[in-house]
Amino acid sequence: MSQNTDCAYCMKGELVARFGYEICELPASTVYLFKEQSHPGRCIVASKHHVSEMPELSEADQAAFLADIVKTANAIHRVFRPDKLNYGMYGDTGHHLHMHLVPKYRDGFEWGGTFAMDPKLRRLSEEECEALAAKLRPLLAE
Ligand SMILES: [Zn+2]
């Protein structure tokens, strides 16, 4: 797997800890709780490959990455009961394939619109992150 020493998703550790709390590894990805939880249950599914675009993955890796996204979406639905999940893949400046899974709640924060990348309204402590991660982890291990 290719790696980039400037990339938070490749290097993990303190680079990724600025915004993400690791929940678990899945076959093709690492799942993070997004520490900014204005959208309760918001997660990131980051590919294990340092590539920018889906077509840069093999077909098998594309399928495995999508399967991880679906598994994570299912876990978020079961734990947080959102009315809709929003899915966002941006990375204009990051170049490491990852998807934001952003739960939306009817008439709640940003319902009916595009989610902000980092609303900076509700950043959880490590303990609060672990409490949410602990709810998702068993479902992601199924
Ligand atoms: Zn990377």
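A residue is called buried when its relative accessible area is under 20%, exposed when that area is over 50%, and partly exposed in between, with a 1.4 Å probe and protein chains only. At 62% relative accessibility, arginine 81 therefore counts as exposed. The structure considered here is a predicted model, in which local features need pLDDT of at least 70 and side-chain atom pairs count only at pLDDT 80 or more, while totals for chains, interfaces and linings use all residues. Residues are numbered from 1 along each chain as its sequence is written, and side-chain values use heavy atoms, with hydrogens and water left out.

The overall architecture comes next. The protein chain contains four helices and five strands; helices (H or I, at least four residues) and strands (E, at least two) are DSSP runs, numbered from the N terminus. Along the sequence, these elements follow the pattern α-α-β-β-β-α-β-β-α. The radius of gyration, taken over C-alpha atoms, is compared with a globule rule of 2.2 Å times the number of residues to the power 0.38. For the protein chain the radius is 14 Å, close to the 14 Å that the rule gives for 142 residues, so the chain is as compact as a globular protein of that length. Of these 142 residues, 44% count as buried.

The five strands form an open sheet in the order β1-β2-β3-β5-β4, with antiparallel pairing. Two strands pair if DSSP finds at least two bridges between them. Strands β1 (20-26) and β4 (84-88) stand at the edges; each has a single partner strand, so one side of each is left without a neighbour in the sheet. On average, neighbouring strands of this sheet are turned by 25° against each other, direction ignored. Such angles rest on axes, which are lines fitted to C-alpha atoms, for helices over the stretch in contact; they run from 0 to 180 degrees between N-to-C directions. Helix α4 (residues 126-140) packs on the sheet and touches β1, β2 (29-34) and β3, and its direction makes about 15° with that of β1. Here contact means heavy atoms within 4.5 Å.

Leucine 101 counts as buried because its relative accessibility is 0%. Its contacts, not counting residues up to four places away in sequence, include Val45, Ile69, Ile76 and Leu85.

The model also contains a zinc ion, coordinated by Cys7 (SG), Cys10 (SG), His50 (ND1) and His96 (ND1) at 2.0 to 2.3 Å. Donors are N, O and S atoms within 2.8 Å of the metal (3.2 Å for Na, K and Ca); water is not among the atoms, so sites may look incomplete. The four donor atoms subtend angles of 102 to 119° around the zinc ion, which makes the arrangement tetrahedral. Four donors count as tetrahedral if all angles lie between 85 and 135 degrees.

Finally, the loops deserve attention. Arginine 81 lies in the loop between α3 and β4 and has a positive phi of about 50° although it is not a glycine.

Key:
Tetrahedral: all angles 85-135°; square planar, octahedral: opposite > 155°, others 65-115°.
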